[in-house]
Amino acid sequence: MGSWQWAVAPLPTANCQLPLPTATVLLFFRNNQILTILPLALYVGVTHIGALMGYVDMPARQEADEGVLYRAWFGWASQAPFWSAAGAALLVLLQAVLVNALADTFRVMSDRNWLPGLFYVLAASCLPDFLFLSPPLAAVTLLPLVLRRIFRSYQQPKATALIFDAALWTTLASLFYPPALYLFLAVLAGISIMRSFSFRERMVTLTGLLIVLFLAWLWYFWTDRGWEFWQIQFGGLAGLYGFDLSMNLKTALQAALLLAMLLLTVLNYGTIMFRNLIQIQKIFSVLYWILFTAAFSVVLPDRPPVTHFLLMAPALAVFWGVSFSSWRNRFWPELFHLCVLATVLFVQFFSKTDVTGWL
């Protein structure tokens, strides 16, 4: 006659540690599968839903911020809010793929994943003005191409073509958004960080800058508008920023969100640079140059748009992707991401609420 055996689960003791619940948003992006672009596209839709549904107001057009190429290709956007929002969503998705490919190609993270692309979407959609087509949004499309050329020049005996391309793409970005030309300083600094920057290569960089401006001016000159080209491209670059000290709750929330994202990246400098190869440290140094140049050049134009801060988005995305990938505990990154996403959506939907005079 057999005997019964009862399996009794042990009671939890005081030293027992219960596992924390794990969210699943970032889990979809912790891989390098090509099909991850589908949840990324869904994420773009979620972050742009307010603009696509017409709940977020489109900002007023500022022709002074538009370069010659933006006027020619996207001048219609100010008259079509829905299509402007849809075009911005598609452009952000393309840019997220380019930024993620940049991080993967140069192995800035220990594991390849889609987190840089995810955080690019979050950074490029964090404010209501970012959700529509704008000159900075069009210009930032070329920034991953510029960074790719700079990173590839590391220890290359012959990098003339790469240096020329970096200058050319930067100047082409300024034809969409003229203040993007200030990033040329970060490009020069970045090339100097990645390699020994000879006098001949400096002349090549200057040639890449001038040839784009000359060809664009030549078209305007051919149509008897040569002076108009210089007015469009350089008319607003040498102004002094007119600070507006008036503040309301809406402006304060947007400024606080941008400042928090920037400060978290700066304060995480030691973690990002720690225990990395020399090449990766140099890549991060170039990204910091891009970040600070984009941030501080906002005071140079006369009336810079809020969308100027989109020029920081690629660098922020890579830094946040690296930081979140290095966290061993999966719960806190998930919780932090959800808090940031909730704040972003709150700022978007709160933007249409009339709060003038609250602060």
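Is Arg149 buried or exposed? Arg149 is buried, with a relative accessible area of 17%, which falls under the 20% cut-off for that class. The structure is a predicted model. The chain has 16 helices and 0 strands, and 49% of its 359 residues count as buried. Among contacts between residues at least 6 apart in sequence, 80% join residues at least 24 apart.

- Arg149 is a residue of helix H7. Leaving out residues up to four places away in sequence, Arg149 touches Leu162, Asp165, Ala166 and Trp169.
- Helix H8 covers residues 160–174, and Ala166, one of the residues touched by Arg149, is also part of the contact that H8 makes with H9.
- Leu145 is in helix H7 as well. Leu145 is partly exposed, at a relative accessible area of 23%, whereas Arg149 is buried.
- Leu145 and Leu98 lie 47 residues apart in sequence, and their C-alpha atoms are 8.1 Å apart in space.
- Gln155 sits in the loop between H7 and H8. Gln155 is exposed, with a relative accessible area of 63%.

**Helix H9 and what covers it**

- Helix H9 spans residues 183–194, a run of 12 residues. From the first C-alpha of H9 to the last is 16 Å, close to the 16 Å expected at 1.5 Å a residue.
- The buried residues of H9 are Leu183, Phe184, Ala186, Val187, Ala189, Gly190, Ile191 and Met194.
- The cover over these buried residues includes helix H7 (143–152), helix H8 (160–174), helix H10 (199–222) and helix H14 (278–296).
- An α-helix has 3.6 residues a turn, so residues three or four places apart point the same way.

**Helices H8 and H9 as a pair**

- Two packed helices are described by the angle between their axes and the distance between the axes.
- The axes of H8 and H9 come within 10 Å of each other and cross at roughly 165°. That angle makes H8 roughly antiparallel to H9, as angles over 145 degrees are counted.
- The crossing of H8 and H9 is right-handed.
- On the H8 side the contact is made by Ile163, Ala166, Ala167 and Thr170. On the H9 side the contact is made by Leu183, Phe184, Val187 and Ile191.
- By class, the residues of this contact are 7 nonpolar, 1 polar and no charged.

**Thr205 in helix H10**

- Thr205 belongs to helix H10. Thr205 is buried, with a relative accessible area of 0%.
- Apart from neighbours within four places in sequence, Thr205 is in contact with Ile163, Ala167, Phe184, Leu188, Ile191 and Phe197.
- Several of these partners also take part in the contact between H8 and H9, including Ile163 and Ala167 of H8 and Phe184 and Ile191 of H9.
- Thr205 and Ile163 are 42 residues apart along the chain, and 6.1 Å separates their C-alpha atoms.

**Helices H1 and H4 as a pair**

- Helix H1 (residues 37–47) packs against helix H4 (residues 81–105) at an angle of about 140°, with the axes 10 Å apart. H1 and H4 are therefore oblique to each other.
- The crossing of H1 and H4 is right-handed.
- H1 contributes Ile37, Leu40, Ala41 and Val44 to the contact, and H4 contributes Ala89, Leu93, Ala96 and Val97.
- The contact of H1 with H4 has 8 nonpolar residues, no polar residues and no charged residues.

**Positive phi in loops**

- Most residues other than glycine have a negative phi, and most peptide bonds are trans.
- Gln155 has a positive phi of about 55°, although it is not a glycine.
- Asp224 also has a positive phi in a residue other than glycine, with a value near 60°.
- Asp224 is placed in the loop between H10 and helix H11 (226–234). Asp224 is exposed, with a relative accessible area of 73%.

Technical notes. Residues numbered from 1 in each chain as written. Predicted model: local features only at pLDDT ≥ 70, side-chain atom pairs only at ≥ 80, totals over all residues. Heavy atoms only, no water. Helix = DSSP H or I, 4+ residues; strand = E, 2+ residues; numbered from the N terminus. Expected span 1.5 Å × (residues − 1). Buried < 20%, exposed > 50% of the residue type's maximum accessible area, 1.4 Å probe, protein only. Contact = heavy atoms within 4.5 Å. Axes fitted to C-alpha atoms, helices over the stretch in contact; angles between N-to-C directions. Parallel < 35°, antiparallel > 145°, perpendicular 65-115°, else oblique. Left-handed = near helix turned anticlockwise from the far one by under 90°. Nonpolar A, V, L, I, M, F, W, Y, C, P; charged D, E, K, R; others polar.
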